[in-house]
Amino acid sequence: MTLALELALIAFVVVTAVFAALLRDVLGSIAVFAAYSLGLAIIWVLLQAPDVALTEAAVGAGVMTFLFLLTIAKTTRPDTEKPLKQVDLKAFVVVAAVALLMLTTVPAMPEVGDPDAPPVSAEHPTGEQTPYSYYIENTYVQAGIENAVAGVLVVYRGFDTFGEAVVVFAAAVGVMVVLKREVLK
Amino acid sequence: MIEEFIARHYHVAFIVVLAIGLYMLIESGNLVKKVIGLNIFQMSVFLFFTTAAYVEGGGPALVGPESVPGEHSNPLPHVLILTAIVVGVSLTSLALALVVRVYREYGTLDEDRLEEVMAGEP
């Protein structure tokens, strides 16, 4: 049952991505991209990542779509006679080669949800404790935060979050410089 | 062979979606569609990370004093992806600002047309 739901969601995500690539109308592409984002957000709920799902639904599907719509409102939307583009053969061959090469590595990956997979095992092969097990056992004890994602984000990896804030600030300055150069002179 | 891929369906989905994003980056002549392709590409990598963090039968990473590994998904990839989503939006907004600027200067967003316009300038 769950597998059927997961496969249906994967099919939805892949189909929306294909339509985002093939639609000629940029507005249509943006709408399909928002649907793609929402599909991924639902997959993340199934993968027990509610924080990522919320952020994706709010930021990926919400803010991102708004930014794209703002851009085509300020620029142009190409005229379209036919709704779909032809597949470009050269680009397709290059991309298919990359995808096939990557697909050969799939059987070497741990199965989805495998409790012995390196990212979710309690010990390294050498017997040392993994960061995963450290965060699960200590976040509540050391930081008093029940949500381990928030705990790791602000306590253990606070500098990382600070760096993220710097990037956001730099991007905001960049947007202002690019769009209002006349004003700043 | 098929079972191996079914058991790793999220990895297969990650590769397929990554390929579609790459295709959009290479093929699209329109600059806005290129940025959409870049975002599709980027989000497929997020799928790879959250899949790595998932453990069968485990809940979300909500912990208490008695928590043991194996009952929760790994919070670390989730944190990295939260950061990556926010950074991705910042970079997208900067890219779109550049797109708007290009349109103001050259009056087109089509790659081929843009090359013609730039070559025509003194």
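**View 1. The interface of chain A and chain B as a whole.** In this predicted model, the contact draws on 92 residues from chain A and 83 residues from chain B. Because the size of an interface is often given as the accessible area lost when the parts come together, the buried area is quoted here: about 8000 Å² lies buried between chain A and chain B, with 77% of it on carbon and sulfur atoms. Polar contact joins 19 residue pairs between the two chains, where both residues have a pLDDT of 80 or more. On the side of chain A that touches chain B, at least two residues each come from helix 1 (2-22), helix 2 (26-46), helix 3, helix 4 (89-103), helix 5 (131-143), helix 6 (148-156), helix 7 (158-179) and helix 8 (181-184) of chain A. Helix 3 of chain A provides the largest share of that side, namely 14 residues, and the residues of the side as a whole divide into 64 nonpolar, 14 polar and 14 charged.

**View 2. The salt bridge between A:K85 and B:E27.** Across the interface of chain A and chain B, the rule finds 1 salt bridge. The partners are the side chains of A:K85 and B:E27, which meet at 3.6 Å, taken from N to O.

**View 3. A:T71 in helix 3 of chain A.** A:T71 sits in helix 3 of chain A, which covers residues 50-74, and A:T71 counts as buried because its relative accessibility is 4%, where the cut-off for buried is under 20%. Once neighbours within four places in sequence are left aside, A:T71 is in contact with B:V32, B:L96, B:V99 and B:V100.

**View 4. A:S37 in helix 2 of chain A.** The residue shown, A:S37, belongs to helix 2 of chain A and is counted as buried, with 0% relative accessibility. Its side chain makes a polar contact of 3.0 Å with the side chain of A:E56. When residues up to four places away in sequence are not counted, A:S37 touches A:E56, A:G60 and A:A61 in chain A, together with B:M43 in chain B.

**View 5. A:L47 in the loop between helix 2 and helix 3 of chain A.** A:L47 is placed in the loop that lies between helix 2 and helix 3 of chain A, and its relative accessible area of 0% makes A:L47 a buried residue. Apart from neighbours within four places in sequence, A:L47 is in contact with B:Y10, B:L47, B:T50, B:T51 and B:Y54. For orientation within chain A, A:L47 and A:E137 are 90 residues apart in sequence, while their C-alpha atoms are 21 Å apart in space.

**View 6. B:I36 in helix 3 of chain B.** B:I36 lies in helix 3 of chain B, which spans residues 31-53, and B:I36 counts as buried at 0% relative accessibility. Leaving aside neighbours within four places in sequence, B:I36 is in contact with A:S29, A:I30, A:F33 and A:F68 in chain A, and with B:M24 in chain B. B:I36 and B:M118 are 82 residues apart in sequence and 24 Å apart in space, C-alpha to C-alpha.

**View 7. The two domains assigned in chain A.** The domain assignment of chain A gives domain 1 as residues 1-109 and domain 2 as residues 115-185. Taken over C-alpha atoms, the centres of domain 1 and domain 2 of chain A are separated by 25 Å.

Definitions and conventions
Residues are numbered from 1 along each chain as its sequence is written. Chains are lettered from A and ligands numbered from 1 in the order in which they are written. This is a predicted model: local features need pLDDT of at least 70, side-chain atom pairs count only at pLDDT 80 or more; totals for chains, interfaces and linings use all residues. Side-chain values use heavy atoms; hydrogens and water are left out. Helices (H or I, at least four residues) and strands (E, at least two) are DSSP runs, numbered from the N terminus. Buried means under 20% relative accessible area, exposed over 50%, partly exposed in between (1.4 Å probe, protein chains only). Contact means heavy atoms within 4.5 Å. Buried area is the accessible area (1.4 Å probe) that two parts lose on being put together, summed over both. A salt bridge is a side-chain nitrogen of Lys or Arg within 4 Å of a carboxyl oxygen of Asp or Glu. A polar contact is a pair of N or O atoms within 3.5 Å; within protein, one must be able to donate a hydrogen and the other to accept it, and residues adjacent in sequence count only if both atoms are side-chain atoms. Ala, Val, Leu, Ile, Met, Phe, Trp, Tyr, Cys and Pro count as nonpolar, Asp, Glu, Lys and Arg as charged, and the others, Gly among them, as polar. Domain bounds come from an automatic or database domain assignment.
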